[in-house]
Amino acid sequence: MMPGELWLSGLVAASLQVVVGEFAAAANGTRTSPLRAIGRWLIDAVPTPLIELLLALLRRASKPVVAVTLLVIWLGSAALAALGGRGPLIVTLALFGSIGLVALWRRDELNRVAACFIGLAALGAGVGGAWLSPTVALATTLALALGVVVLRSAASARLRGMQRVLPVPQSPLPAAGAVISVPGISPLFTSSDRFFVTDVAFPAPVVAPDRWRLRVVGLVDRPLVLTHNQLHALPSVEIDAVLMCVHNPVGGPSVGNARWQGVRLIDVLAIAGVSRDADHLRLTSVDGFSAGLNLKLIEEGYEPVLAYAMNGVPLTRAHGAPLRLLVPGIHGYDANIKWLQSIEATGSAYAIDYAERKGWPREPSRMGPQCRIDVPATSANLSIAEHVAAGVAWAPPHGVVRVELRIDGGNWEECTLGTALGPHAWRQWFIRWQATSGRHYLEARAWGRDGVQSETIAAPYPGGASGYHSVEIDVNERRPVQERQSAWWLTDHVRGRVRTAKLGLSAWLHRELPHVGHRPK
């Protein structure tokens, strides 16, 4: 065979191996394939500063970039190995297949039988594919890829069919009041499809509600095992609350506000009867991710909710269905765990969660008052006239009491606040200002009941990003009015990500190593 044909045979054989892994996973009702299991293994193994760098630079594109990189390495290695003949190709595909099998074996969301079936199917397909002609291997790959689409579509339809009517909350919250009608301002409630998604799942686990159970164990008088129906039968509440990722830069998009419904955590803990010796909860998700919640937060007024609905509809898979924990006022990484399946009451000295293993502090990361300018956007070109600046602000768990804006470093001017949904939710705000010719710098800050937003510029590590959100705009009547000037906006966007990455690396280099407890023997 010519070198081009050898290269192609290796590429197609590796493609068949990857697709067989996806097909076997779909046939088992999961999306955890060899490729995705290796991706999660890589995320767990890579040093945290590198992960933080990727998140700062790529944000939501981080996991797709990891997946594409792994796929290119897998296919590229097979294509190069094929240039040496069938022997090196078989060895390469067997190596990747074995790595995939081990990665699957490590996944908590898979039982051992499923892990072996998926891994061995991909391993066998890779070795067998090396003996097929490129035409046959390609045709098989395309047919199986279509099968993956069909199986996953059918599985999604089945899950939608399992969704039950939500119970009526004990005290339904009233409908939201009047909203500030300014084009471009964030709505009072962030829709599910626009709400940020950040986690280490690779991919988000598929959980059938009829098979799911919530276990409450550890230092409790009455261990619990609750089904989906039993949880829904408990008295439920609604709460309007902001949820923000700890990696969100000031003014960033990884924050949203929703009306959540679920059962108060303290009610479930009361049924279980938590021992006085317990001061901490170890939380575990279906995929093995762990988080922690110190019980002193409840004493301080935080209101954790076992949430199963968001904006009046059941949680989606990406947002943690069938159950997640919501702790308003605490950053998402610390305790707001998705796909929750286990709550263990224990002592804080013995509770080590995923974030702590990755170098994050043990103390929960509390949200401080923050404010975001939605309108105008950086790089806008405005006319000489009166304009409106608007955005949202939040300060859980006690609420926003004031928002202020200043222009070009001048005096702070108080803004008009919109509807107050509750102390955990964000509030819209706006202010009118007179634009004069030239370039202008707008800054905003929020006041909570505990004080004003921090001016100190800080990286997300270790307690969340801080500083004032600002935008820079032009007022130039010789140019057309523009909401955004593309080149300027893109340059500023890239510069902001690089600045966040530098701040993050500096924070990690100068961090104090956290105390790590020890599990009892």
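Which residue just after α3 takes a positive phi? Arg 59 does, at about 55 degrees. The model is predicted.

**Helix α3**
- Helix α3 runs over residues 48-58.
- Its buried residues are Thr 48, Ile 51, Glu 52 and Ala 56.
- These residues lie on the same side of α3, because they cover an arc of only 135 degrees around the axis.
- In general, an α-helix has 3.6 residues a turn, so residues three or four places apart point the same way.
- The cover over the buried residues of α3 includes α2 (34-45) and α13 (486-509).

**Crossing of α2 and α4**
- Packed helix pairs are described by the angle and the distance between their axes.
- The axes of α2 and α4 (residues 62-82) come within 10 Å.
- These two axes cross at roughly 115 degrees.
- The crossing of α2 past α4 is right-handed.
- On the α2 side, the contact involves Pro 34, Leu 35, Ile 38, Gly 39, Leu 42 and Ile 43.
- On the α4 side, Lys 63, Val 66, Leu 70, Leu 71 and Trp 74 meet them.

**Annotated transmembrane regions**
- An unreviewed UniProt entry carries the annotation "transmembrane region" for residues 37-58, 65-83, 89-106, 113-131 and 137-155.
- In the model, residues 113-131 are 89% helix and 0% strand. The end C-alpha atoms of this span lie 27 Å apart.
- Residues 137-155 are 100% helix and 0% strand. Their end C-alpha atoms lie 27 Å apart.

**Four-stranded sheet**
- Four strands form an open sheet in the order β11-β13-β17-β16, and the pairing is antiparallel.
- β11 (370-375) and β16 (416-417) stand at the edges. Each has a single partner strand, so one side of each is left without a neighbour in the sheet.
- Strands of a sheet pair through backbone hydrogen bonds.
- β16 pairs with β17 (residues 427-434) over two bridges, in the antiparallel sense.
- Leu 417 has Trp 429 in β17 as its bridge partner.

**Loop residue Arg 194**
- Where is Arg 194 found? Arg 194 sits in the loop between α7 (134-162) and β1 (213-218).
- Is Arg 194 buried or exposed? Arg 194 counts as exposed because its relative accessibility is 66%, and the cut-off for exposed is over 50%.
- Arg 194 and Pro 253 are 59 residues apart along the chain. Their C-alpha atoms are separated by 9.8 Å.

Terms used: Residues are numbered from 1 along each chain as its sequence is written. This is a predicted model: local features need pLDDT of at least 70, side-chain atom pairs count only at pLDDT 80 or more; totals for chains, interfaces and linings use all residues. Side-chain values use heavy atoms; hydrogens and water are left out. Buried means under 20% relative accessible area, exposed over 50%, partly exposed in between (1.4 Å probe, protein chains only). The arc is that of the directions from the helix axis to the C-beta atoms. Contact means heavy atoms within 4.5 Å. UniProt positions are given in the numbering used here, feature names are shortened, and annotations may be inferred rather than shown by experiment. Two strands pair if DSSP finds at least two bridges between them. Axes are lines fitted to C-alpha atoms, for helices over the stretch in contact, and angles run from 0 to 180 degrees between N-to-C directions. A crossing is left-handed if the near helix is turned anticlockwise from the far one by less than a right angle, and right-handed if clockwise.
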